[in-house]
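Welcome! Take a moment to turn the model around on your screen before reading the notes.

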Amino acid sequence: MEKPAILGGKPVREKPLPFVSIIFDDDEIQSSLIALKDRALASGVFIEKFEKEFANFIGTKYAVSVSNGTDGLFLAYLVLGLTFNKHVVTTPITFIATASTIVHTGAIPIFADVDFDGNISPESVAKVVKSGEVDGLSLVHLYGKPVEMDPILEIAEEYQIPIIEDASHAHGAEYKGKKVGSIGDIGVFSLYPTKVIAAGGWGGVITTNNREVYEKLLYLRAHGEERVKLGKAGAYTYIRLGYNLRMSNIEAAVAYHQLKKINKFIEARQKNAKLLTDLLSDVDGLILPTYPAYMKHIFYIYNVLIDENKIGWTRDKFVEALNAEGIPAERGYHTPLHKQPLFQRINDPNVNHFARIIKYPDYGKVKLPKAEEVAKRTIWLPVHPGLNEEDIESIAKAIVKLIEWKKGKS
Ligand SMILES: Cc1ncc(COP(=O)(O)O)c(C=O)c1O
């Protein structure tokens, strides 16, 4: 039994592993140079090329590049009319942007509960939809695993509610042969540097099959200016309220080449995830990620639910102890959004200026037992393409070492 590094023992790894990696080569560097040399920074050939290829990859008619995933979500809600006093059902186990952008458009987030994999629960969504007025559904394909879409599509169809897929973790993930981001009304992807593919800085993409939505998005991301349709003849003529939420040509130059490598990146993630599952499957007290054969999980994050009683460590101490072993485990989304200080105080105009004109639910009273449990029991592990077999083995070794130590002490 080896002594944990957190108690003064020798760490499994002398050099800690990175939690994320950004993998690029000469293609991204050369194309950025081309974008610079062309002196077309704000617009240019890479933006169009990237959008075309991204739409092809996802299987939608249109892809609109934007400044980042957060702005993509904002525009998605806006373009679907999910604005003042509209209710949008979403998950409390996600990054803040999924829900804060609902608030940004003037709409009201309603949180549904999740399942043990962290994804929104179709039963909970159905319950919320049936019990009140719901105008939109915003789903997150969490950690790269698709949401169970069929029952959600059914309820959305019955109640005529649009679906926004936040696919920021899930570029290339599939549900029953369809890529996420092509299943609902609108898909939104983040190209933040740590995501499955990156842009050269910030970046995001919105996907849709709806021409009207597509055309509106072009205006919304570029000041509502007629230039979008008429070129120079439309310069400085503004036909609707718009924003400045475009991606730059340098960012697109990088994203364009990242996209060419996406299948390789995904295969590496899946291979690492499979190895980690093989190595940990006999360890008592861990619920490892699983998925049915009709889903393609692309493992943006490898999430594990722990049983503190069985492994002998509290979640937070376990994460700390893994970090001391050189393993970059994280607690992830440790507080569900409805429990966050922002939502507890959302009706205070000093916290949220919309509170002057909109009355939000008392999120303090919201009870979502699974989300609250998942948030307390989750740990995140890396399986990104920057890790090799030996790295993954060291992750499993550290986990087993810490659990064995506690067993030996009890
Ligand atoms: C689930 C989810 N939605 C939205 C976003 C926002 O994307 P961005 O950072 O590109 O604004 C993120 C980013 O981490 C995310 O994880």
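Below are short notes on the overall fold and on one pair of helices. This is a predicted model, in which local features need pLDDT of at least 70, side-chain atom pairs count only at pLDDT 80 or more, and totals for chains, interfaces and linings use all residues. Residues are numbered from 1 along each chain as its sequence is written.

**The whole protein**

- The protein's secondary structure comes to 15 helices and 13 strands; these are DSSP runs numbered from the N terminus (helices: H or I, at least four residues; strands: E, at least two).
- Along its principal axes, the C-alpha trace spans about 75 × 55 × 40 Å.
- Of the 410 residues, 48% count as buried (20 or more other C-beta atoms within 10 Å of the residue's own, with C-beta atoms placed from the backbone).

**Helices H1 and H9**

- Two packed helices are described by the angle between their axes and the distance between the axes.
- The axes of H1 (residues 26-37) and H9 (residues 249-260) come within 8 Å and cross at roughly 150°; axes are lines fitted to C-alpha atoms over the stretch in contact, and angles run from 0 to 180 degrees between N-to-C directions.
- That angle makes H1 roughly antiparallel to H9 (over 145 degrees).
- Residues making the contact include Asp 27, Ser 31 and Leu 36 of H1, and Ile 250, Tyr 256 and His 257 of H9; two residues are in contact if their C-beta atoms, placed from the backbone, lie within 7 Å.

Note on methods: Parallel < 35°, antiparallel > 145°, perpendicular 65-115°, else oblique. Buried ≥ 20, exposed ≤ 12 C-beta atoms within 10 Å, placed from the backbone.
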